Amino acid sequence: MFTMIFDSGSGKPMYRQLYEYIKNEIIVGNLKGGEKLPSKRTLASHLKISTVTVETAYEQLAAEGYIYSLPKKGFYAEKGLESKTGSTALGNSVSEIHENSAKKSFSYDFGTSGVDTGCFPFSTWAKLMRTVISEENEKLLQSVDSRGSAELRKAVAEHLYSFRGISISPENIIIGAGTEYLTSLIMLLLGHDKCYAVENPGYKRTYRLFKRSAGRTAAIPQDLSGISVKQLRQTDADVVHTTPSHNFPLGSVMPISRRKELLDWTYEKNDRYIIEDEYDSEFRFTGSPIPSLFSLDSHGRVIYINTFTKTLAPSMRISYMILPDRLMEKFRRELDFCSNTVPLFEQLTLARFISEGFFERHINRIKKIYKSRRDLLISSLKQYMPDGSFEIKGENSGLHFLMKMNSSASEEQFIDAAAKKDIRVRGLSEYYQNSSDYSGNACIVIGYTQLPSEDIAKAVSLLADTWRQLL
C-alpha cells in the first residue's frame with residue numbers, strides 16, 4: 001500500500017502529486033514490474049482522498065505507459081521501467097537520458113523543452129488569481145464539465161478565431177492536463193485496435209504512447225514538405241499524428257499541396273483521422289500563416305490539439321483539443337463520465353487571461369523577445385564559427401532551428417565536446433525512432449528559449465572553440 005504525504009503548499013493538484021509518487025516508485029524499483037496496484041477505492045480510503053483523484057492519477061499513468069490494466073483484475077506496474085542506477089532516467093538511449101534527466105544542469109542550455117520563465121507575467125497572473133478567488137469562490141467548489149469550464153472553452157474558441165482563423169464552437173473543445181492525456185482520450189475514442197502513425201523524426205513520447213497503448217504503430221519518413229504521404233500509403237495506418245505548422249524537430253512548414261494530399265489520404269476510408277499538433281504555432285516570424293489542416297478539412301477528419309506549455313510555462317499543464325462533431329457526440333455518449341484533469345481555479349484564471357487581452361499582449365511581447373534572441377544567435381554563429389562549416393535550416397517558425405554541420409565528425413562527438421564546456425545541445429538523430437534511421441552529416445537541434453540574450457555570444461564563442469577541431 002502506498003503511503004505518501006500530500007504537500008498542500010506545492011501548488012500541484014493532488015492527482016498530480018500521486019501520479020508523480022507512483023511513477024517514481026516504479027522507476028526506482030520499489031514497485032516491481034507486474035506488481036498489482038491497490039484498487040482505486042482501497043487507495044482512496046487509505047490516503048483519505050477521493051476516488052476521482054486516484055482514478056485521474058491512474059489514467060495518466062496508464063496513458064504514459066507506466067501501468068496497465070487487466071479486465072476485472074485491476075492495474076499493474078509496467079515491466080522493464082526500473083532504472084538500473086536508481087535515477088529517474090527511463091532508458092539507456094541518449095535521447096531518453098536527455099529527456100528524463102532533470103538533475104543535470106548546464107551553464108548554457110540550447111535545449112528545446114523549456115521557455116524563458118522570466119517572461120511569465122507573474123503580476124498579471126497573480127492579480128487575476130485574486131479576482132477569481134474573490135468573484136468565483138462558490139463556483140470553485142463545484143464540479144467541472146468533463147470537457148472543461150465553459151469560460152475557458154469560450155476564451156480558447158475566440159482566440160483560435162482571431163489568431164488562426166479557426167471558427168469553432170466551444171462545445172467542440174476539450175481541456176486537459178497535457179497533450180499526452182488528450183492523446184490518450186483520442187485513443188479511447190478511436191480505438192486501441194487502430195494503427196497509429198507518427199512522423200519520423202518526431203516526438204518520441206507520442207510514439208511511445210501509441211506503442212504501449214495501441215500495439216500497432218508506424219513511423220513515417222519525412223521529406224522537405226513534411227510527412228511522406230507516399231510512404232504513409234504503404235502502411236495500414238488509420239490515424240496519423242503530424243506537426244504541419246512547424247515540424248518537430250525538422251522545423252519545416254508543410255505546404256498547402258502536401259496538406260491537401262494528406263487530407264485526400266484521410267478521405268479514402270471512413271475511419272481515418274489526422275491528429276494535428278500545433279504545439280508552437282504562435283511563433284511564426286516571417287510570411288503569412290498557412291491555414292491549419294482543421295480549417296481545410298471538409299469531412300470532419302482532423303482533430304486539432306494545442307498547448308499553453310510553449311506560450312506560458314512547461315508547468316502550465318493545460319492543453320486543449322477540438323473534436324469534429326461526430327467524435328464529440330461519441331465523447332459525450334461514451335466518455336462523459338471522465339473527470340476533467342485541470343483544476344477549475346487554473347482554468348478560470350487562464351480564461352480571464354485570454355478574454356481580457358493579456359494573452360495576446362503576452363504573445364506579441366515574447367515573439368519580439370524570441371525573434372531578437374534568434375537573430376542574435378544566428379549572427380553570433382556566423383561570427384564565431386568557421387565560414388562554410390554549417391547550414392541553418394527551419395529558422396523562420398517555432399522556437400528552434402537545425403544546425404547542419406559540414407563535417408565528417410559524428411553528432412555524438414559534437415554533443416560530448418559541448419558538454420565538456422558545460423553546454424547542452426542535442427542531435428537530430430535522437431528524435432528518430434531508431435537513431436540509425438538518420439544517416440546524414442551531424443545535425444544539431446538548437447533551441448534558444450532558455451538562453452538569456454546576454455549569454456548567447458559567450459556560449460557560441462565557447463562552442464566555436466570546442467568544435468573547431470571537429471570542423
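Is Cys338 buried or exposed, and what is its relative accessible area? Cys338 is buried, with a relative accessible area of 6%, where buried means under 20% relative accessible area, exposed means over 50%, and partly exposed lies in between, using a 1.4 Å probe and protein chains only. Cys443 is buried as well, at 3%. With a disulfide taken as a pair of cysteine sulfur atoms within 2.5 Å, the count of disulfides comes to zero.

Before I go on, a word about the model. It is a predicted one, in which local features need pLDDT of at least 70 and side-chain atom pairs count only at pLDDT 80 or more, while totals for chains, interfaces and linings use all residues. Residues are numbered from 1 along each chain as its sequence is written, and side-chain values use heavy atoms, with hydrogens and water left out.

Let me turn to the interior. In soluble globular proteins, nonpolar side chains tend to be buried together. A nonpolar core here is a set of buried Ala, Val, Leu, Ile, Met, Phe, Trp, Tyr and Cys residues joined through side-chain atoms within 4.5 Å. The largest such core has 82 residues, and those with the most contacts inside it are Leu262 and Trp467. Its largest share, seven residues, comes from helix α14, residues 358-384, helices being DSSP runs of H or I with at least four residues, strands runs of E with at least two, both numbered from the N terminus. There is also a second, separate core of 27 residues, which includes Tyr181, Leu190, Tyr196 and Val198.

Helix α14 also packs against helix α13, residues 344-355, at an angle of about 70 degrees, with the axes 4 Å apart; the axes are lines fitted to C-alpha atoms over the stretch in contact, and angles run from 0 to 180 degrees between N-to-C directions. The two helices are therefore roughly perpendicular to each other, a label for 65 to 115 degrees, whereas under 35 is roughly parallel, over 145 roughly antiparallel and the rest oblique. Arg352, Phe353 and Ile354 in α13 meet Phe358, Phe359 and His362 in α14, contact meaning heavy atoms within 4.5 Å.

Finally, consider two individual residues. Thr56, in helix α3, is buried at 7% and touches Tyr15, Ser339 and Thr341, leaving aside residues up to four places away in sequence.
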